[in-house]
Amino acid sequence: MAFEIHEKTMAKTRILTGITTTGTPHLGNYVGAIRPAIAASRNPDAESFFFLADYHALIKCDDPARIQQSTLEIAASWLACGLDPEKVYFYRQSDIPEIPELTWLLTCVTAKGLLNRAHAYKAATDANRAAGEDPDAGINAGLYMYPVLMAADILLFNANKVPVGRDQVQHIEMARDIGQRFNHIYGGEYFTLPEAAIEDNVATLPGLDGRKMSKSYNNTIPLFAGGEKALNKAIMEMVTDSSRPGSAEDAQGSALYQLIGAFADNVHEEVATAFHRSNPSQAGWGTLKKHAIESINHSIGKYRDEYEQLISNAEKIEEILQAGAKRARELAQKRIAQLREAVGLRNLRGFVKKIPKSAEQQPDEPSLQFVVFRDEDKAFAFKVLDAKKNVVVTKSGFADPKTARDAAQLAMNAVTAAS
Ligand code: TRP
C-alpha cells in the first residue's frame with residue numbers, strides 16, 4: 001500500500017549537513033562551512049540540521065581520544081560562532097540509533113555495483129592496483145559502505161538541500177539513487193530526494209603553503225585552537241615568494257590576498273589602505289600578513305571568549321548535544337516506525353487483529369478473483385469468480401492477455417462496487 005510518509009505540507013526547506021569528527025576546525029572550515037551554514041540557518045524559510053558525523057569518523061580514524069577531542073572542538077566552534085541550538089537541530093550522529101538502523105534498510109536496496117563506483121573507494125582500489133597489491137588490500141568495509149551511511153543521515157530527515165564540497169557531490173547523487181530505489185521497491189514516496197548545494201560563491205581558502213587549506217595537506221590555520229597567538233604565528237610563517245609587493249595590485253593573486261578576501265568586504269580597498277598606512281621602505285609581505293591577522297581577528301575575535309568558555313565546559317556541550325539528539329530523535333523515531341512498517345518489520349499483534357476471531361464472524365467481503373484463458377477461437381477471455389468459484393462475469397474476444405486482464409480487473413471492480 002502506497003502512502004505518503006513525508007510531510008508534504010512542510011513548507012520549510014530542510015538543510016542538512018554533517019561534519020566528520022576527526023580534526024580541529026580551521027579557517028577553511030569556517031569560511032567554507034561554518035559561516036555560510038549559520039547564516040543560512042537564520043533564514044526563516046529554512047530548517048537546519050547540523051550534526052557531528054562521528055560514525056563517519058570511525059572509518060578513517062582509530063584513535064578514540066582524537067575523535068572525542070574533535071567532537072568537543074567542532075561543537076564548541078559552531079556554538080561559539082553563533083549557532084543557536086534551539087533554532088536548529090544540532091546533534092551527534094551516534095546519539096541517533098535510527099541512523100544505523102536506516103543504514104541497514106538502505107543497504108538492502110543498494111546495488112553493490114553502485115558502491116563499487118564511489119570515488120573514494122575507487123581511488124583506494126586504484127592505488128592498490130597501481131602498487132601491484134590486491135585491489136581491496138587494507139580497505140575496510142566502512143569505507144565501502146560510507147555512501148549508504150551518509151544516505152541514511154540525509155534521508156532519515158527528508159533533507160532537501162545538502163551543502164557540501166565538490167568532493168561530496170557524488171555521495172548526494174547516491175543518496176538520491178538509493179532513496180529512489182527504496183521508494184520504487186516499496187511503492188511509496190517514503191523519501192524526499194535531496195539535492196547537493198555546492199557553495200560556489202564561497203572562497204576556497206589557501207593554506208600555509210598556498211595550496212587549498214585542508215587537513216590532508218597539513219597546511220591549516222586553526223580557527224580558535226591556540227588562541228590569537230597561534231593565528232599570528234601561523235600567518236607569519238606563511239610561505240611567500242621573493243617578490244616585495246608594494247601595492248594592492250602587486251599583491252593581487254597571492255595566497256595572502258585571497259585569505260584577506262575571505263574576511264574583508266572589499267579586499268582591494270583594504271589592502272590598498274594597509275600599504276598606504278605602512279612605511280613604504282618596509283612595505284612587503286609583512287604588510288599583508290599584518291593586515292590578514294587584523295581582518296581575521298576582526299571577524300572571529302569576538303567569538304574567542306565564548307569558544308574558550310565552551311571548550312572548558314565539556315559538560316555543557318554534552319547537555320546541548322543531548323537536547324539536540326532528543327529533538328532530532330522525536331522526528332527520527334516516527335520516521336523509522338513508518339519505514340519498518342513499509343519493509344515488513346512489523347509487530348505481530350497487528351497481524352492477529354486482522355484475522356476473524358470466530359467462525360461465526362461474517363467474511364468482510366465476498367472475495368473475487370479472475371482467470372484469463374484462451375477460448376476455442378484462440379481469442380483471449382476472462383472469467384470473474386466469486387468466493388464459491390461461481391462465474392459472475394465472463395467475456396471473450398480480447399486480442400492479447402494484457403487487454404483481457406485489464407478488462408477483468410475493471411469487471412471485478414464493478415462487481416465489488418455493486419455489492
Ligand atoms: N562525508 C561528509 C564529509 O566528509 C560528512 C558527512 C557525513 C555529511 N554525513 C553527511 C555531509 C551527510 C552531508 C550530509 O564532508
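In what follows, a residue is called buried under 20% relative accessible area, exposed over 50% and partly exposed in between, with a 1.4 Å probe and protein chains only. The model described here is predicted, so that local features need pLDDT of at least 70 and side-chain atom pairs count only at pLDDT 80 or more, while totals for chains, interfaces and linings use all residues. Residues are numbered from 1 along each chain as its sequence is written, and side-chain values use heavy atoms, with hydrogens and water left out.

We can start with the overall fold. The chain contains 17 helices and eight strands, taken as DSSP runs (H or I of at least four residues for helices, E of at least two for strands) and numbered from the N terminus. Its radius of gyration is 30 Å, well over the 22 Å that the globule rule gives for 419 residues, so the chain is more spread out than a compact globule. Here the radius is taken over C-alpha atoms, and the rule is 2.2 Å times the number of residues to the power 0.38. The C-alpha trace spans about 105 × 45 × 45 Å along its principal axes.

Of the 419 residues, 43% count as buried. A contact is defined by heavy atoms within 4.5 Å; among contacts between residues at least 6 apart in sequence, 71% join residues at least 24 apart. As for charge, the mean positions of the 48 positive and 52 negative charges lie 4 Å apart. Lys and Arg count as positive and Asp and Glu as negative, without His and the chain ends, and each charge is placed at NZ of Lys, CZ of Arg, CG of Asp or CD of Glu.

The aromatic side chains come next. Rings of Phe, Tyr and Trp (its six-membered ring) pair if their centres lie within 6.5 Å, with planes under 30 degrees apart called stacked, over 60 edge-to-face and the rest tilted. By this rule there are 12 aromatic pairs. One of them joins Y121 and Y144 edge-to-face, at 4.7 Å centre to centre and 75° between the planes. This pair links distant parts of the chain, since Y121 belongs to helix α6 (residues 119-130) and Y144 to helix α7 (residues 141-156), 23 residues apart. Y121 is buried at 11% relative accessibility, and Y144 is buried at 14%. F182 and Y190 also form an edge-to-face pair, with 5.6 Å between centres and 85° between planes. F182 counts as buried at 0%, as does Y190 at 1%.

N218 has a positive phi of about 55° although it is not a glycine. This residue sits in the loop between β5 (195-198) and α9 (227-236) and is exposed at 69% relative accessibility. K389, likewise not a glycine, has a positive phi of about 65°; its place is the loop between β7 (380-385) and β8 (391-398), where K389 is exposed with a relative accessible area of 54%.

T21, in the loop between β1 (13-20) and α1 (27-41), is buried at 0% relative accessibility. Apart from neighbours within four places in sequence, T21 is in contact with L52, A53, D54, A57, R66, I67, S70, T71 and I74.
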